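Here is a short briefing on one protein model. It goes residue by residue first, then turns to cores and pockets.

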Amino acid sequence: MKKPLLAVLSALVITGAGMAPAVAAPLLTDGAATKTTTKTATPTVKAVNFAGTVALSNCSGSVIRFPNSADTDPALVLTNGHCLETGFPAAGEVIVDQASSRTFSLLNASAGKVGTLRASKVAYSTMTDTDVTIYQLTTTYAKIKSTYGLSPLTVQDTHPTAGTAITVVSGYWKKTYACNIDGFVYRLQEGDWTWKDSVRYTSACQTIGGTSGSPVVDNATGKVVAVNNTGNEDGEQCTENNPCEVDESGNVTVRQGINYAEETYQIPACFGAGNKLNLSAAGCTLPKP
């Protein structure tokens, strides 16, 4: 987790994963080798680009839908809990249905800004167990599609797999980071906050300040499997901007220069018809207020 980008820049520090923006359209309100070499078939991989991602004032994000979302549902934007405009939620705090008029720069495949979207509310935000904020917008997926020709990213509703090739797509920096899922962390602790079953990247994903909230996309499916949120910058243990890994036995491991994300597969079960949040729904495990 990073300080907001402005604070990072003022300190002249933009290393590690973290928190942290273009003419706009009108605001939208509605095997072993042998002598003969055989080429191995590879699975079809969807090109990962910026279409449907957004830039916030200090973070990255994406317009998302769930497997059961309808085109007529109010659209949603996913970013980090620590990207919330009102400040970091405290450990144990869960925010739901909080009014917001925050705006987002909508990007096309080549990272060009095509328009501005506006929130109607914070549907859900927390830094407990996970690090997510989900905004509800003033418009629908269908309207975004008809106006800008862009579709949302779909959130995968099953647990990601170690070894998966992924791309972190930062709308703020208009930059992508490619690597693999190295594994999963039982508990990731940073300052006052603890996150469960976090994604650890391989070292190739050297994300920087402003990439917080970026969707982590499975290269093979194009689906969102996590949201980028933090990294250990200085080798410190469990301090802000220096998360540590804690296993089931309480053993602590510090991996300086390694970055992390929070899984998103558990989120779809908490949103029902009309993209309405229902924390009491069967299968919903997100923390409750």
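N241 is buried, with a relative accessible area of 8%. It sits in the loop between β14 and β15 (244-246). The model is a predicted one.

- N241 is not a glycine, yet its phi is positive, at about 70 degrees.
- K174 also has a positive phi, near 55 degrees, and is a residue other than glycine.
- Most residues other than glycine have a negative phi.
- K174 belongs to the loop between β10 and β11 (175-190).
- K174 is partly exposed, because its relative accessible area of 34% falls between the 20% limit for buried and the 50% limit for exposed.

**S170 in strand β10**
- S170 is placed in strand β10.
- Its relative accessible area is 0%, so S170 counts as buried.
- The side chain of S170 makes a polar contact of 2.9 Å with the side chain of S60.
- Beyond its neighbours within four places in sequence, S170 is in contact with F50, S60, K175, Y177, G210, T211 and S214.

- T164 lies in the loop that links β9 (153-154) and β10 (165-170).
- T164 is buried, because its relative accessible area of 17% is under the 20% cut-off.
- The side chain of T164 reaches the backbone oxygen of T161 at 2.7 Å.
- Setting aside neighbours within four places in sequence, T164 is in contact with C179, N180, I181 and D218.
- T164 and C179 are 15 residues apart in sequence, and their C-alpha atoms are 8.6 Å apart in space.

**Nonpolar cores**
- In soluble globular proteins, nonpolar side chains tend to be buried together.
- The largest nonpolar core holds 45 residues.
- Within this core, V63, F104, L106, L117, L137, I144 and F271 touch the most other members.
- Two or more residues each come from β3 (60-65), β4 (74-79), β5 (94-99), β6 (103-107), β7 (113-126), β8 (132-140), α2 (141-148) and β14 (224-231).
- β7 gives the largest share of this core, five residues.

**Largest pocket**
- The volume of the largest pocket is about 280 Å³.
- Its lining has 13 residues, and A47, A51, P152, L153 and G222 lie nearest the centre.
- By class, the lining of the largest pocket comprises six nonpolar, five polar and two charged residues.

**Second largest pocket**
- The second largest pocket has a volume of about 210 Å³.
- Its lining consists of D129, T130, K196, D197, E262, E263, Y265, Q266, T285, L286 and P287.
- Which elements give two or more residues to the lining of the second largest pocket? They are β12 (193-201) and β17 (259-263).
- The lining of the second largest pocket divides into five charged, three polar and three nonpolar residues.

**Points to check on screen**
- Look at S170 and S60, whose side chains are joined by the 2.9 Å polar contact.
- Compare the phi of N241, about 70 degrees, with the phi of K174, near 55 degrees.

Notes:
Residues are numbered from 1 along each chain as its sequence is written. This is a predicted model: local features need pLDDT of at least 70, side-chain atom pairs count only at pLDDT 80 or more; totals for chains, interfaces and linings use all residues. Side-chain values use heavy atoms; hydrogens and water are left out. On a 1 Å grid over the protein atoms alone, a cavity is a set of points where a 1.4 Å probe fits but cannot get out, and a pocket is an open set with protein on both sides within 12 Å along at least five of seven lines; lining residues have an atom within 4 Å of a point. Grid points are joined across faces, edges and corners, and a volume is the space filled by probe spheres set on the points. Ala, Val, Leu, Ile, Met, Phe, Trp, Tyr, Cys and Pro count as nonpolar, Asp, Glu, Lys and Arg as charged, and the others, Gly among them, as polar. Helices (H or I, at least four residues) and strands (E, at least two) are DSSP runs, numbered from the N terminus. A nonpolar core is a set of buried Ala, Val, Leu, Ile, Met, Phe, Trp, Tyr and Cys residues joined through side-chain atoms within 4.5 Å. Buried means under 20% relative accessible area, exposed over 50%, partly exposed in between (1.4 Å probe, protein chains only). Contact means heavy atoms within 4.5 Å. A polar contact is a pair of N or O atoms within 3.5 Å; within protein, one must be able to donate a hydrogen and the other to accept it, and residues adjacent in sequence count only if both atoms are side-chain atoms.
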